Amino acid sequence: MTITTGLRNERSATSALRLLRDYAVVWVTLALVVFLTVTTENFLTVRNLQNVLDQQSTVLIVAVATTLTVIAGGFDVSLSAIFVLTPLVAVQVMNSTGSIAVGVFSALLAGAAAGASNAFVVTVMKINSFIATLASSFVLFGVAYVVSDKSILRPNDIGFANFATARIFGITN
């Protein structure tokens with residue numbers, strides 16, 4: 001074996017290890033899919049995959065927002081608090097007004113206000129995004145506690161439940 005052949009083999013081994021390390025999550029996910037496909041009868045059925053998407057749709061929406069925040073160089077810890085507060089606002093307003101549209105609009109407004117206040121604190125006041133959104137999450141959880149009146153809120157109108165469980169492209173929203 002010549003020196004160049006040995007160096008080439010060492011480089012290809014290093015490249016393979018780097019590829020394995022850099023994409024470890026992808027390889028583990030693929031291995032898990034293959035394992036579940038082989039060992040479970042209904043894993044790759046349309047019904048099961050649709051069920052997985054139904055159960056994880058809200059997590060995926062929050063993950064997209066988190067990914068965009070991280071790509072932009074920030075870190076938002078308040079998403080879970082906003083995720084708790086906005087539907088409570090929607091149900092409370094909808095129960096008070098009897099209007100689903102006003103309830104949904106108020107939830108969007110509450111989410112936008114929380115995001116705008118976080119943006120103001122991080123960009124204008126120059127507070128670290130982790131610290132600012134951690135603090136705002138405590139405030140937003142407190143607001144959610146007050147909005148819920150320390151109890152479980154239920155919509156008075158069955159139309160709201162139908163709206164919340166509507167299916168888009170066969171997936172529950």
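Q: At about what angle do helix 4 and helix 5 pack?
A: In this predicted model, helix 4 covers residues 79-97 and helix 5 covers residues 100-124, and their axes lie 7 Å apart. Helix 4 passes helix 5 in a right-handed crossing. The angle at which the two helices pack is about 145 degrees.

Q: How many of the residues in the contact of helix 4 with helix 5 are charged?
A: From helix 4, residues including Ile82, Val89 and Val93 take part, and they meet residues of helix 5, among them Val102, Ala107 and Ala114. Polar residues join in as well, and the contact divides into ten nonpolar and six polar residues, while the number of charged residues is none.

Q: Which helix gives the largest share of the lining of the largest pocket?
A: This pocket holds about 900 Å³ of space, and 22 residues line it, with Thr58, Phe83, Thr86, Pro87 and Ala107 nearest its centre. Two or more lining residues come from each of helix 3 (46-71), helix 4, helix 5 and helix 7 (158-164). The largest share, nine residues, comes from helix 4.

Q: How many residues in the lining of the second largest pocket are charged?
A: The second largest pocket holds about 160 Å³ of space, and the residues that line it include Thr69, Asp76, Asn118 and Ser129. Helix 5 gives the largest share of this lining, five residues, and helix 6 (129-147) supplies at least two. By class, the lining has three nonpolar and seven polar residues, and the number of charged residues is one.

Technical notes:
Residues are numbered from 1 along each chain as its sequence is written. This is a predicted model: local features need pLDDT of at least 70, side-chain atom pairs count only at pLDDT 80 or more; totals for chains, interfaces and linings use all residues. Side-chain values use heavy atoms; hydrogens and water are left out. Axes are lines fitted to C-alpha atoms, for helices over the stretch in contact, and angles run from 0 to 180 degrees between N-to-C directions. Helices (H or I, at least four residues) and strands (E, at least two) are DSSP runs, numbered from the N terminus. A crossing is left-handed if the near helix is turned anticlockwise from the far one by less than a right angle, and right-handed if clockwise. Contact means heavy atoms within 4.5 Å. Ala, Val, Leu, Ile, Met, Phe, Trp, Tyr, Cys and Pro count as nonpolar, Asp, Glu, Lys and Arg as charged, and the others, Gly among them, as polar. On a 1 Å grid over the protein atoms alone, a cavity is a set of points where a 1.4 Å probe fits but cannot get out, and a pocket is an open set with protein on both sides within 12 Å along at least five of seven lines; lining residues have an atom within 4 Å of a point. Grid points are joined across faces, edges and corners, and a volume is the space filled by probe spheres set on the points.
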